[in-house]
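Q: Could you take a close look at one part of this protein for me, the surroundings of the ligand, and then show me how the rest is put together around that?

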Amino acid sequence: MIDIEALLTDRLQAMEPSGIRRVFEMAAKMKEPINFSIGQPDFDVPEPIKRAAIDAISAGRNGYTVTQGIPELRSAIAAKLSPEIGWEIGPNAECDVLITNGTSAGLMLAYLALGQKGDEIIIPDPYFVSYPQVAAVVGATAKYCDTYPDCRMTAARIEPLITERTKFVVLNSPGNPSGVVLSSDELRDIVELCESRGVLLVSDEIYDEFTYGDGRESGVFPTPGRFSNQLLILRGFSKTYGMTGWRLGFAVGPTRLIREMTKVNQYSFVCAPNMVQHAGVVALQTDVSAHVKAYERKRDMVVEALGGVTELARPTGAFYAFPQVPPRLGLTGDEFFRKALDKNVLVIPGNIFSTRDTHFRISYAVDDARLARGLEALASLMR
Ligand SMILES: Cc1ncc(COP(=O)(O)O)c(C=O)c1O
């Protein structure tokens, strides 16, 4: 009899199963809940993208691809990004692209390439759930940058956390769980801080397309990539094109780092699915602005319904809001989550995204009628 327990690594002790799963299990037991817990768009993959994947399968594009990703997709990404951030991107340039199995794989590869025991990684608090857990995988320590109450990870908040052990800072704008988008000025300050301290910036921009009019500046998405090419940008197709199950993303950054991440990819994920990479080329030409407009309108509904009853950092991107549980209620985020369950509304308690338990996350990627009903129920709980 093998004692599995005795075989498990120390790093697993530091890792926790995702709390979101507990929420999903509860949802499965509820009868038609108003579900504000889902972190994915409520639209299906656009037809031309589906067609491209089907055509790729039919044309026999079913084998492995090169580890770095098919050249057509790499050049399409370079062609889209270069004008936006001003970097020269390609195999012979200072910066290059690696196609990843979703942004999650991009994060994992970056952590594996850069983090090890004794290293510190600065992450925002509140954070996307993977940031601290993946640090545990590589044996590094996550340092939490407290961004309450406005959920803005600024240079002034990051600076005191940098030590000689800091390897990189993870930035996420538009942010999950807050939907907050940082300004160009804030991003420039962070870039300058990281460069002056020799710390790499890893910018998770998975919600880049879901940045509303008031999150953009002169219509342009604010990215730290506009200020330097000495950083790693991670983006994905999951949210933008409703392709969460297709597993496609990419990393763009210094060629030396991309080469090392590609090496790790070769022995782990191997390659993103062949037909999905071909569909990715078509996805990059697909206009999702109508969906973004719809989410912007839903955001307005959220701010209107909840802004007056509690503290809420105004979301200008993604499809999340992260309201505080009004302190006068004397409830933790988890207790409020349970009260909302009694009203048949499913939110996610803030402690899943934070060292604090004072807020809750709603995903407003749901139809208007449900959104209105759910918001009214939440507002009445908080009044
Ligand atoms: C901020 C953030 N980064 C990364 C991911 C992972 O996305 P992917 O499906 O591309 O792995 C998510 C998914 O929720 C996210 O919210």
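A: The protein has 14 helices and 12 strands. Its radius of gyration is 21 Å, close to the 21 Å that the globule rule gives for 383 residues, so the protein is as compact as a globular protein of that length. Keep in mind that this is a predicted model. Along the principal axes, the C-alpha atoms fill a box of roughly 60 × 60 × 50 Å. Buried residues account for 46% of the 383 residues. If you take the contacts between residues at least 6 apart in sequence, 75% of them join residues at least 24 apart.

Now for the ligand. There are 13 residues around the ligand, and those that come nearest are Gly 102, Thr 103, Ser 104, Gly 236 and Ser 238. Helix 6, residues 102-114, gives the largest share of this shell, with 3 residues.

Strand 12, residues 360-363, pairs with strand 11 over 2 bridges in the antiparallel sense. For a landmark there, look at Pro 349, whose bridge partner in strand 12 is Phe 360.

Last stop: Met 382, which you'll find in helix 14 (residues 368-382). Met 382 is buried, because 20 other C-beta atoms lie within 10 Å, and 20 or more is what counts as buried. Who are its neighbours? Setting aside those within four places in sequence, Met 382 is in contact with Val 309, Thr 310, Pro 326 and Leu 329. Take Leu 329 from that list: Leu 329 and Met 382 are 53 residues apart in sequence, yet 7.4 Å apart in space, C-alpha to C-alpha.

Methods
Residues are numbered from 1 along each chain as its sequence is written. This is a predicted model: local features need pLDDT of at least 70, side-chain atom pairs count only at pLDDT 80 or more; totals for chains, interfaces and linings use all residues. A residue is near a molecule or strand if its C-beta atom, placed from the backbone, lies within 6 Å of it. Helices (H or I, at least four residues) and strands (E, at least two) are DSSP runs, numbered from the N terminus. Two strands pair if DSSP finds at least two bridges between them. The radius of gyration is taken over C-alpha atoms; the globule rule is 2.2 Å times the number of residues to the power 0.38. A residue is buried if 20 or more other C-beta atoms lie within 10 Å of its own, exposed if 12 or fewer, and partly exposed in between; C-beta atoms are placed from the backbone. Two residues are in contact if their C-beta atoms, placed from the backbone, lie within 7 Å.
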